[in-house]
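Q: Can we go through this one together? I would like to start with a helix and then move on to side-chain pairs.

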Amino acid sequence: MSIALLKDLHLLTREGQLNADARRKLKQIRHLVGLLKPALDDALARHTAPSIVDCGAGKSYLGALMYELVLGPAGRGTLTAIEARPELSAQAAARAERFGQDRFKVATGYIATAAADEPAERPNVVTALHACDTATDDALVLAIASGADHVAVVPCCQAEVARQLEQSRPTDPAVAALFAHPLHRRELGSHLTNVVRSLALEAHGYKVTVTELVGWEHSAKNELILGRRVNRFNADARSTLRALLEKFSIEPAVVRELTARGLDPRAAVH
């Protein structure tokens with residue numbers, strides 16, 4: 001890996017050393033790139049010029065290193081980093097130019113609108129590392145709606161479902177006890193959010209793996225959801241998702257946004 005690039009990303013000090021925060025960040029990103037390598041290799045094997053989209057890219061640590069470690073050596077394929085904050089997307093574009101990453105593109109804006117503004121190029125791999133709250137859902141909707149071959153997300157903070165649970169009045173007292181206290185409501189809401197996300201992917205034909213990104217000592221936001229598209233849909237996942245949403249009286253963003261696009265993951269398929 002380029003020492004100059006790592007310094008530019010502030011993952012190394014000016015003297016080329018690692019501090020504790022940078023070590024933790026670098027470990028997460030390197031491990032995620034390693035877990036993504038089979039998907040990236042598959043995209044390169046199946047497509048002449050594969051398209052990778054990194055949603056909610058932030059400072060583009062992940063995109064810069066995916067390009068450095070995979071797309072750069074391959075000599076083909078494009079990576080598009082989507083970031084809502086103009087100052088961060090400008091930094092990423094300038095860095096890509098400095099380091100000769102000529103197939104590194106930057107789209108400024110929210111995930112849904114920035115993706116719509118890009119040319120109609122189907123992404124083969126969609127990623128999102130710590131995209132906050134419903135931005136992770138936007139990345140999943142982009143992947144599903146565009147028929148991406150692979151998707152990988154590491155969710156960050158997520159409060160939407162916890163707020164919905166405040167209004168939920170389940171008739172089963174055992175279910176109600178699961179989120180009677182605010183702390184439990186927050187934790188259960190976070191868990192339910194990721195369960196629904198996984199089922200939504202499965203409902204649209206993705207084979208899903210859920211695992212840890214790195215050890216919990218490195219990050220509290222540590223759940224990695226990987227999806228590989230193998231079918232058009234999964235009827236069992238749709239049935240399970242319907243039952244889960246009804247049981248807890250919730251409708252997370254990924255379900256609402258897919259439904260708005262005519263891709264309701266709950267809908268029965270005949």
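A: The buried residues of α3 are Tyr61, Leu62, Gly63, Ala64, Leu65, Met66, Tyr67, Val70 and Leu71. Buried means under 20% relative accessible area, exposed means over 50%, and partly exposed is in between, with a 1.4 Å probe and protein chains only. Helices (H or I, at least four residues) and strands (E, at least two) are DSSP runs, numbered from the N terminus.

Q: What kind of model is this, and how are residues numbered?

A: This is a predicted model, in which local features need pLDDT of at least 70 and side-chain atom pairs count only at pLDDT 80 or more, while totals for chains, interfaces and linings use all residues. Residues are numbered from 1 along each chain as its sequence is written, and side-chain values use heavy atoms, with hydrogens and water left out.

Q: What covers the buried residues of α3?

A: The cover includes α1 (3-8), α2 (20-46), β1 (51-55), β2 (78-83), β3 and β4 (125-129). Contact here means heavy atoms within 4.5 Å.

Q: How many residues does α3 have, and how far does it reach?

A: α3 has 14 residues and reaches 19 Å from its first C-alpha to its last, close to the 20 Å expected at 1.5 Å a residue. The expected span is 1.5 Å times one less than the number of residues.

Q: Where does α3 bend?

A: At Tyr67, by about 45°. The bend is the angle between axes fitted to the seven residues ending at a residue and the seven starting there. Just after α3, Gly75 takes a positive phi of about 75°.

Q: On to rings. How many aromatic pairs are there?

A: The count is 2. Rings of Phe, Tyr and Trp (its six-membered ring) pair if their centres lie within 6.5 Å; planes under 30 degrees apart count as stacked, over 60 as edge-to-face and the rest as tilted. Tyr67 and Phe104 have ring centres 6.5 Å apart and planes at 50°, so this pair is tilted.

Q: Why does that pair tie together parts of the chain?

A: Because Tyr67 lies in helix α3 (residues 61-74) and Phe104 in strand β3 (residues 104-108), the pair ties together parts 37 residues apart in sequence. Tyr67 and Phe104 are both buried.

Q: Which residues form the tilted pair at 6.3 Å centre to centre?

A: Phe179 and Phe248, with 50° between the planes. Phe179 is in the loop between α8 (173-177) and α9 (182-203), and Phe248 is in helix α10 (residues 235-248), 69 residues apart. Phe179 is buried at 4% relative accessible area, and Phe248 is buried at 9%.

Q: New topic. How many salt bridges does a search of the whole structure find?

A: The search finds 12. A salt bridge is a side-chain nitrogen of Lys or Arg within 4 Å of a carboxyl oxygen of Asp or Glu. In one of them, Arg95 pairs with Asp8, with the closest N and O atoms 3.0 Å apart.

Q: Is Arg95 buried or exposed?

A: Arg95 is buried, at 7% relative accessible area, whereas Asp8 is partly exposed at 21%.
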